[in-house]
Amino acid sequence: MLCSLRLCGCPGQRPKADRNEARVLKLRAEGKSYRAIASELHLSKNTVMDIVKRSR
């Protein structure tokens, strides 16, 4: 059964990434580094890298 809750923490869901995707991609388009974006949005560098990688 699939969970209908948005932030339930079920495997395969990425609430932080989904919530921050637009901001991460905007900052990346402005030329900011993964580390700078991570620091500004209080995310890990790996989360930022995953968001950018998935958007390609």
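**Entry 1: V52**

I started with V52, which sits in helix α3. The model is predicted, and I kept that in mind throughout. Is V52 buried or exposed? I looked up its relative accessible area and found 7%. Buried means under 20%, so V52 counts as buried.

Next I asked what V52 touches, not counting residues up to four places away in sequence. I found V24, L25, R28 and Y34. I then checked the pair V52 and V24, which are 28 residues apart along the chain. Their C-alpha atoms are separated by 7.5 Å.

**Entry 2: I51**

I moved to I51, also a residue of helix α3, which covers residues 45–55. Its relative accessibility is 1%, so I51 is buried. Leaving aside its neighbours within four places in sequence, I listed the contacts of I51. They are A17, E21, V24 and L25. I also looked up I51 and R14, which lie 37 residues apart in sequence. From C-alpha to C-alpha, I51 and R14 are 9.8 Å apart in space.

**Entry 3: the whole chain**

I stepped back to see what those residues belong to. How many helices and strands does the chain have? I counted three helices and zero strands. From the N terminus on, the order of elements is α-α-α.

The chain has 56 residues, and buried ones make up 20% of them. V52 and I51 are both buried. For the surface, I noted that the chain exposes about 4,500 Å². Carbon and sulfur atoms supply 52% of that area.

**Entry 4: α1 against α3**

Now I took the helices in pairs. Two packed helices are described by the angle between their axes and the distance between the axes. The axes of α1 and α3 come within 9 Å and cross at roughly 80°. Angles of 65 to 115 degrees count as roughly perpendicular, so α1 and α3 are roughly perpendicular to each other.

Which residues meet here? From α1 I wrote down A17, E21, V24, L25 and R28. From α3 I wrote down V48, I51, V52, R54 and S55. By class, this contact of α1 with α3 has six nonpolar residues, one polar and three charged.

**Entry 5: α2 against α3**

The axes of α2 and α3 come within 8 Å, and they cross at roughly 110°. That angle makes α2 roughly perpendicular to α3. I looked up the hand of the crossing too, and α2 passes α3 in a right-handed one. On the α2 side the contact is made by Y34, R35, I37 and A38. On the α3 side it is made by K45, V48, M49 and V52. I sorted the residues of this contact of α2 with α3: six nonpolar, no polar and two charged.

K45 lies in helix α3. Its relative accessibility is 36%, so K45 counts as partly exposed. Leaving aside neighbours within four places in sequence, K45 is in contact with Y34, R35 and A38. I checked K45 and R35, which are 10 residues apart in sequence. Their distance in space, C-alpha to C-alpha, is 5.5 Å.

**Entry 6: α1 against α2**

One pair was left on my list. Helix α1 spans residues 15–29, and helix α2 spans residues 34–41. They pack at an angle of about 140°, with their axes 10 Å apart. That makes α1 oblique to α2. The crossing of α1 and α2 is right-handed. α1 brings R23, V24, L27 and R28 to the contact, and α2 brings Y34, I37, E40 and L41. The residues of this contact of α1 with α2 divide into five nonpolar, no polar and three charged.

**Entry 7: H42**

I ended with a backbone angle. Most residues other than glycine have a negative phi. I looked up H42, which is not a glycine, and its phi is positive, about 60°. Where does H42 lie? H42 is in the loop between α2 and α3. Its relative accessible area is 69%, so H42 is exposed.

Methods. Residues numbered from 1 in each chain as written. Predicted model: local features only at pLDDT ≥ 70, side-chain atom pairs only at ≥ 80, totals over all residues. Heavy atoms only, no water. Axes fitted to C-alpha atoms, helices over the stretch in contact; angles between N-to-C directions. Helix = DSSP H or I, 4+ residues; strand = E, 2+ residues; numbered from the N terminus. Parallel < 35°, antiparallel > 145°, perpendicular 65-115°, else oblique. Left-handed = near helix turned anticlockwise from the far one by under 90°. Contact = heavy atoms within 4.5 Å. Nonpolar A, V, L, I, M, F, W, Y, C, P; charged D, E, K, R; others polar. Buried < 20%, exposed > 50% of the residue type's maximum accessible area, 1.4 Å probe, protein only. Areas by Shrake-Rupley, 256 points an atom, 1.4 Å probe, with all protein chains shown as cover.
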